[in-house]
Amino acid sequence: MLESLLTVIQPVNLMWIVIGSVVGAIIGALPGLTATMGVALFIPLTFAMEPASGLILLAAVYAAASFGGNITAILIKTPGTPDSFFMVMDGYPMTLKGEGRKAMSVTTITATIGGVVGALTLLFLAPPLASLAIKFGPAQTFLTSMLGITIIIGLSKGAMLKGMLSACLGFLLATVGMDSVAANLRFTGGVLELYEGIPMIPCVIGLFCCAQVFSLAASRKKQIAIPNDAVAGKTGLTLKEFFQHLWITIESSIIGTIVGIIPAAGSMVACGLSYSEARRQSKNPDLFGDGAPDGLAAVSAANNAVVGGSLVPLLTLGIPGNGTAAVFLGGLLIHGMVPGPDLFSQHAEATYSLLFGLIACQFVILVIGLFGAGLFSKVTSIPNSVLVPLIAVFTVLGSFAIRGMLFDVFLMILFGAIGYYAERSRISMAPFVLAFILGPIVEKQFRRAMMLMASGDTGIFTNPLSLFLLALNILCLLTPFINEIKDRMAKKKEA
Amino acid sequence: MKKTQLYDFITAGVIYAISIFFLTGSFSIPTPESRIMPRVYAILLIVCATILVLRRLKNKDNDSYDYSGSHIAVTLIAMMAAYVAASHFVGMYVTTPIFLLGSMYFLGMRSWKVLIPVAVGMDVFIYLVFSVVFKVAIPMGVLFGG
């Protein structure tokens, strides 16, 4: 652990933390660009770096992008990321009252506390949880991987069918290339570049970055204008006010972390729960929605705490807590780091560096939020006619950098077009990416389990742990159907 | 037929085509065990696509889709593909500023004070960050012996 701490405070890694946090905050602040896109865009850059430095950079981008969306949400009522939606409710009314500076101080300080709580939970909870994963055999690993996918499918709100479609397509495309068990070539069409399968990074960049570029271009929005006096107000947060919000901040941080740990529950759930809890406890509940600093503190803390929480199931079991964590998994895999107990033994230095790096970047976020909000709000004024081509070039460079093949760039553009069409057709690509990344693991473990069964070990799918995981899978798949039936019955009763 | 119905039918049609390609392709895989998963996924896809079509026919889904501005996206896709193809021949240091100038102009930027610095600055950025720091071998173009 001490070695990892020393790794984090090396000048080069501190530099990556600052760069990742600043760029992440800009990405988060720019409406239309998301944390998922930021992480996907940075993965190729980390390929040439030491694993510890690469993961620190990715963590900084992830955390800062989650925060960056708050800036525009509060100052111009435009959430930079979908997760920042809740910041609008009390943050923007504060700006309208001339308390923009105070609102930025509240969101920054509470987000930092939330981020630190989430990261500390990750630091202390992940290693013991990962040691549990050592008891997993092929059947349990298969069922756990499937669980991550069934949860995300189940939460494809109101569009479970399209979620399943997306996941099945991801699984199918993951079978292209050399089969990892019998070494047969499958569906390559003789294309040499596909022998190792469809490359993951161009696929992820295409679906999350390139598709977003096309969407931004198609939106025809020129730019987001931010009034110069948005960051107004003489004072930030006083010490007295800080202590007034401290309890709700800690409480919301804990809520955010716990919700983050639950796969696919996500930031919106965490913010919603924290907000209603803060309102319930408030002496002035009527002020909520009209510029209540308590409400802003609660959602900011919860939103950032989700980051650390979402990495707990990812690092221990390989189950990403949300779409960004799924892309983060891709970042781990290109450095040869497979989630599970090995992460905390064989790759201990890089893993603990990631955890300490996540804590360190919270303090960079603090500086950005307290002193740079005005500057960051100006960055969002970059016209889309400049922003879109620039990001397009970065997607090209990023997808080329890993293998040095223009073939990968064409693939990236193809996946970008698919992602654009899917977004317009309301098909979530998160199940696709998760299935695409986990597909080879699922198939390998399933076939190993089948081999064990064929050799006489018939209990591997019927032992208590397997049955528990199987039941969880079925429950996750059935829950949306049960909810739909309940809704229908309720509607019938009303009628 | 409603336009939104048509889009779901197009989606289902593409899914059918992909599934059939993988199903037929699976016959050429020598080991039977290696065929199982692709076939399972392809069949599941066909089932999902069929349910999608049936739900649309019965008007059970009332999603409305917005494809406005897609011609801009399609043009940008074509520009990016041309940019990458040209990079093979003349190299990325030549094609990147051309792509940036073309796409920025296409998207409405008319100020040369912005167009030129961004196009040239990006080349400098690519050289310093990708070539010098990350040692990425940027394509120099076959015409220039790269």
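A: A residue is called buried when its relative accessible area is under 20%, exposed when that area is over 50%, and partly exposed in between. The model examined here is predicted. A:Ser66, in helix H4 (residues 51-76) of chain A, shows how the cut-off is applied: its relative accessibility is 10%, so A:Ser66 counts as buried. Apart from neighbours within four places in sequence, A:Ser66 is in contact with A:Ala35, A:Ser84, A:Asn303, A:Asn304 and A:Val307. A:Tyr62 also belongs to helix H4 of chain A, and at 3% relative accessibility A:Tyr62 counts as buried.

The domain assignment of chain B gives domain 1 (3-57) and domain 2 (70-141). The C-alpha centres of these two domains of chain B lie 37 Å apart. Helix H4 (92-106) of chain B and helix H5 (residues 112-133) of chain B form the pair.

The length of each helix can be checked by simple reasoning. H4(B) has 15 residues, and at 1.5 Å a residue they should span 21 Å; the end C-alpha atoms are 20 Å apart, which agrees. H5(B) has 22 residues, which should span 32 Å, and here the end C-alpha atoms are 30 Å apart, again in agreement.

The two helices meet each other. Their axes are 9 Å apart, and H4(B) and H5(B) pack at an angle of about 145 degrees. The crossing of H4(B) past H5(B) is right-handed. On the side of H4(B), residues making the contact include B:Met92, B:Thr96, B:Pro97, B:Leu100 and B:Met104, while those of H5(B) include B:Trp112, B:Leu115, B:Ala119, B:Met122 and B:Ile126. Sorted by class, this contact has 15 nonpolar, two polar and one charged residues.

Several of these residues are also buried. In H4(B), the buried residues include B:Met92, B:Thr96, B:Pro97, B:Leu100 and B:Met104. In H5(B), they include B:Leu115, B:Ala119, B:Met122 and B:Ile126.

For the buried residues of H5(B), the cover includes helix H3 (35-46) and helix H16 (384-401) of chain A together with H4 of chain B.

Finally, consider where each helix ends. Just after H4(B) comes B:Gly108, with a positive phi of about 115 degrees. H5(B) is followed by B:Lys135, whose phi is also positive, near 55 degrees. As background, most residues other than glycine have a negative phi. A:Arg426 lies in the loop between H17 and helix H18 (430-454) of chain A, and with a relative accessible area of 48% A:Arg426 is partly exposed.

Note on methods:
Residues numbered from 1 in each chain as written. Chains lettered and ligands numbered in written order. Predicted model: local features only at pLDDT ≥ 70, side-chain atom pairs only at ≥ 80, totals over all residues. Heavy atoms only, no water. Helix = DSSP H or I, 4+ residues; strand = E, 2+ residues; numbered from the N terminus. Expected span 1.5 Å × (residues − 1). Buried < 20%, exposed > 50% of the residue type's maximum accessible area, 1.4 Å probe, protein only. Contact = heavy atoms within 4.5 Å. Axes fitted to C-alpha atoms, helices over the stretch in contact; angles between N-to-C directions. Left-handed = near helix turned anticlockwise from the far one by under 90°. Nonpolar A, V, L, I, M, F, W, Y, C, P; charged D, E, K, R; others polar. Domains from an automatic or database assignment.
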